[in-house]
Amino acid sequence: MTTAATPPAGAFARLRRDPAAVSSLAVLLLVALACLVGPLLTGHAYDRIYYDYPRTPPSWRAYPEPGTLGPALDRLALRMRVRAEDVSVTPEAVRLTLAADRPVDERVLGFLARSDLFGPARVLARSPDGRRLSVEAPVRRLRFLLGTDALGRDLLTRTLVAGRVSLALGLLATAVALGLGVAYGAVAGTLGGAVDAAMMRVVDILYALPFVFFVIMLVVFFGRHLGLIFLAVGAVEWLDMARIVRGEAMAIRRRDYVLAAEALGAGTPAILRRHVVPNALGPVIAFAALLVPRVILLESFLSFLGLGVQEPMTSWGVLIADGARAIESSAWMLAVPAAFLVVTLVALNLFGDRLRDALDPREA
Amino acid sequence: MIPFVLRRLVQAIPTLFLVVTLSFFLIRLAPGGPFDLERPLAPAAMETLRRVYGLDQPLVVQYGRYLAALLRGDLGPSFSVRDLSVAELLARGLPVSMTLGALALVLALGLGVALGGLAAARRGGILDHAVMTLGTLGLTVPGFVVAPLLQIAFGLALGWLPVGGWEGGDPRHLVLPVITLALPQVAVIARLTRAALIEGAGLPHRRTLRALGLPPRVIALHALRGAALPVVSYLGPAAAGLLTGSVVVETVFGLPGVGRYFVDGALNRDYTLVMGTVVLIGVFVIVLNLLVDLATAAIDPRVRQAA
């Protein structure tokens with residue numbers, strides 16, 4: 001090779017040839033795409049409560065099941081204060097006659113539409129005295145591929161929406177940690193001397209703090225405001241980043257080209273911008289990739305304790321907490337969000353590991 | 001040795017001061033108060049309560065009072081648990097958390113070193129791959145997923161073990177929490193041990209031992225001694241991980257430990273309980289890091305010389 005490939009280019013070439021990296025990235029993109037687009041395709045809103053279908057197990061079947069319609073109609077008729085007669089049920093629609101001792105008010109048909117079982121009803125015929133009303137209502141066919149939760153909300157939709165929250169928060173907090181850590185570490189490493197010693201002493205002190213307990217207090221302090229919570233998490237997670245960047249900056253600082261730039265009259269800000277930060281990016285990217293799963297885990301942990309995301313909004317931690325409470329009766333409520341979380345975390349960790357190896361040619 | 005310990009203890013003072021100050025103002029300035037109920041108290045009753053607990057004073061005055069009391073070793077009364085002081089509460093919770101943490105640490109060390117050693121001995125074999133896969137899973141599957149799964153399997157399906165509660169430290173109630181707590185640490189320690197053993201295999205002293213014709217058992221002992229260093233250095237972070245885990249484990253299994261007290265205290269704005277827990281844990285972390293440094297120095301002569 002006549003010209004050395006720049007480190008990132010070489011790294012990407014190595015990464016593309018690594019089956020573990022490619023497959024974990026594919027899994028991640030799939031999860032991200034599913035979370036982004038999926039909720040639009042499931043046909044359910046994440047906060048829509050189907051009162052007729054709490055704790056429905058996962059299945060391909062469409063609900064309602066034929067046998068359940070008759071009794072359900074009887075219950076509805078009772079609430080409409082009519083008798084349901086001549087009921088005929090096809091998979092698509094029901095026909096029935098509403099009979100009463102007084103004329104039947106058509107407004108009671110709203111009961112049919114408001115239940116989760118039927119669509120808006122249509123009047124077919126009305127007896128002259130108005131006491132008998134023949135109506136037809138389409139059966140509303142619903143699928144809950146991964147079941148529903150305790151309130152009857154579609155679990156697949158909720159898990160995907162939760163994934164949006166968890167992934168977005170993971171990226172947001174990592175970005176905050178990245179910004180803070182790189183700026184702090186680069187400045188400390190470049191300036192060196194007493195400034196560096198003082199800045200790193202602060203990092204050492206913060207390092208010794210009982211970390212999780214501070215995050216919990218920050219969450220309480222910010223009153224469960226989502227964005228602020230993750231600003232807080234990012235603000236706590238930047239310490240490792242600062243240490244890594246400082247080490248890199250100190251090494252880069254001694255390189256000949258930096259000394260040359262200095263001799264040519266470049267000031268410290270210019271050296272930071274042109275030389276230190278771009279050259280320290282490799283290890284930083286690798287570390288950031290491994291920080292994302294840590295933050296997602298932390299968010300789930302907080303939400304699990306009831307300190308994170310609040311109803312009706314949801315995250316994987318919230319869903320896992322709900323599932324853990326319902327584990328005896330409805331194990332899928334735990335299994336579904338836990339599977340999404342674990343798959344995402346494994347893929348993120350694997351990808352981060354491979355990225356780190358690829359960016360560090362000494363390891364390869 | 002003694003000057004080193006003293007210097008480290010002096011260095012711990014600003015850290016502890018920062019811990020106390022930060023947490024005091026964070027929890028005090030958080031919205032809500034310890035006497036917020038579903039139905040608000042009568043203004044007069046609220047006023048009396050606030051005066052009794054000194055909450056009507058300016059925050060800086062309260063801070064000064066808290067620091068003064070803390071120096072005398074007084075953690076104050078609890079706001080949410082009536083008639084008990086924070087010190088009494090922590091004295092109840094500490095044995096629970098310490099038992100769990102110590103058992104989990106012992107289990108993690110024993111199992112982790114054993115698994116890591118096995119994996120290194122059979123490097124590249126099925127056993128090695130199994131241990132490494134287990135390690136990845138142990139690191140990524142969070143405790144709050146593992147715990148309910150264990151409860152289902154051993155508590156409900158098999159009926160071997162209780163699913164929660166403390167019952168005065170009955171060993172049967174300890175099994176599942178300790179396993180949950182130890183699992184991620186087992187994973188890390190196994191990985192560390194394996195890496196250190198493999199790295200140490202090529203070192204000159206090991207070649208010499210083999211050339212001298214010593215039995216494998218003796219060589220293994222020397223190898224483990226070399227591998228002890230990264231494992232011992234990891235004990236600090238491991239303890240931090242156990243602290244974090246204890247919050248989850250104590251919640252899931254309903255154990256009355258310090259982690260539970262902290263979360264409940266933060267939720268109920270029990271100011272003194274939160275502060276007391278943080279101070280206790282801060283001291284614990286500092287002492288533990290010191291012990292780890294001393295142990296590292298005891299194992300590795302190079303560290304002794306540097307210090």
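**Labels and their cut-offs**

Mentor: Helix 7 (residues 211-221) of chain A is mostly covered, since 9 of its 11 residues are buried, where buried means under 20% relative accessible area, exposed over 50%, and partly exposed in between (1.4 Å probe, protein chains only). Helices (H or I, at least four residues) and strands (E, at least two) are DSSP runs, numbered from the N terminus.
This is a predicted model, in which local features need pLDDT of at least 70 and side-chain atom pairs count only at pLDDT 80 or more, while totals for chains, interfaces and linings use all residues. Residues are numbered from 1 along each chain as its sequence is written, chains are lettered from A and ligands numbered from 1 in the order in which they are written, and side-chain values use heavy atoms, with hydrogens and water left out.

Trainee: Which residues in helix 7 of chain A are buried, and what covers them?

Mentor: The buried residues are Val212(A), Phe213(A), Phe214(A), Val215(A), Ile216(A), Met217(A), Leu218(A), Val219(A) and Val220(A). Their cover includes helix 8 and helix 10 (268-304) of chain A, together with helix 1 (2-29), helix 9 (216-252), helix 10 (258-267) and helix 11 (271-299) of chain B. After helix 7 of chain A comes Gly223(A), whose phi is positive, near 60°.

Trainee: Why does Arg153(A) count as buried, and what is it in contact with?

Mentor: Its relative accessibility is 5%, which falls under the cut-off for buried, so the label applies. Arg153(A) is found in the loop between strand 6 (142-143) and helix 5 of chain A. Contact means heavy atoms within 4.5 Å, and, leaving aside neighbours within four places in sequence, Arg153(A) is in contact with Tyr46(A), Asp47(A), Arg48(A), Ile49(A), Gly147(A), Thr148(A), Arg158(A) and Glu311(A). The C-alpha atoms of Arg153(A) and Thr56(A) are separated by 9.3 Å, although these residues are 97 apart along the chain.

Trainee: What makes Thr272(B) buried?

Mentor: The relative accessible area of Thr272(B) is 7%, again under the cut-off, and therefore Thr272(B) is buried. Thr272(B) has its place in helix 11 of chain B and, not counting residues up to four places away in sequence, touches Leu75(B), Pro77(B), Ser78(B), Phe79(B) and Val86(B).

Trainee: What is the handedness of the crossing of helix 5 of chain A and helix 8 of chain A?

Mentor: A crossing is left-handed if the near helix is turned anticlockwise from the far one by less than a right angle, and right-handed if clockwise. Axes are lines fitted to C-alpha atoms, for helices over the stretch in contact, and angles run from 0 to 180 degrees between N-to-C directions. The axes of helix 5 (residues 155-191) and helix 8 (residues 226-253) of chain A come within 4 Å and cross at roughly 35°, and the crossing is right-handed. This contact has 22 nonpolar, 6 polar and 3 charged residues, where Ala, Val, Leu, Ile, Met, Phe, Trp, Tyr, Cys and Pro count as nonpolar, Asp, Glu, Lys and Arg as charged, and the others, Gly among them, as polar.

Trainee: At what angle do helix 5 of chain A and helix 12 of chain A pack?

Mentor: Helix 5 and helix 12 (residues 332-359) of chain A pack at about 35°, with their axes 11 Å apart, and this crossing is right-handed. Leu155(A), Thr159(A), Leu160(A) and Leu167(A) in helix 5 meet Trp332(A), Met333(A), Val336(A), Pro337(A), Phe340(A) and Thr344(A) in helix 12.

Trainee: Why is the aromatic pair of Phe154(B) and Trp160(B) called tilted?

Mentor: Rings of Phe, Tyr and Trp (its six-membered ring) pair if their centres lie within 6.5 Å, and planes under 30 degrees apart count as stacked, over 60 as edge-to-face and the rest as tilted. Over all chains there are 9 such aromatic pairs. Phe154(B) and Trp160(B) lie 6.0 Å centre to centre with 40° between the planes, so the pair belongs with the rest and is tilted. Phe154(B) is partly exposed at 27% relative accessibility, and Trp160(B), at 53%, is exposed.
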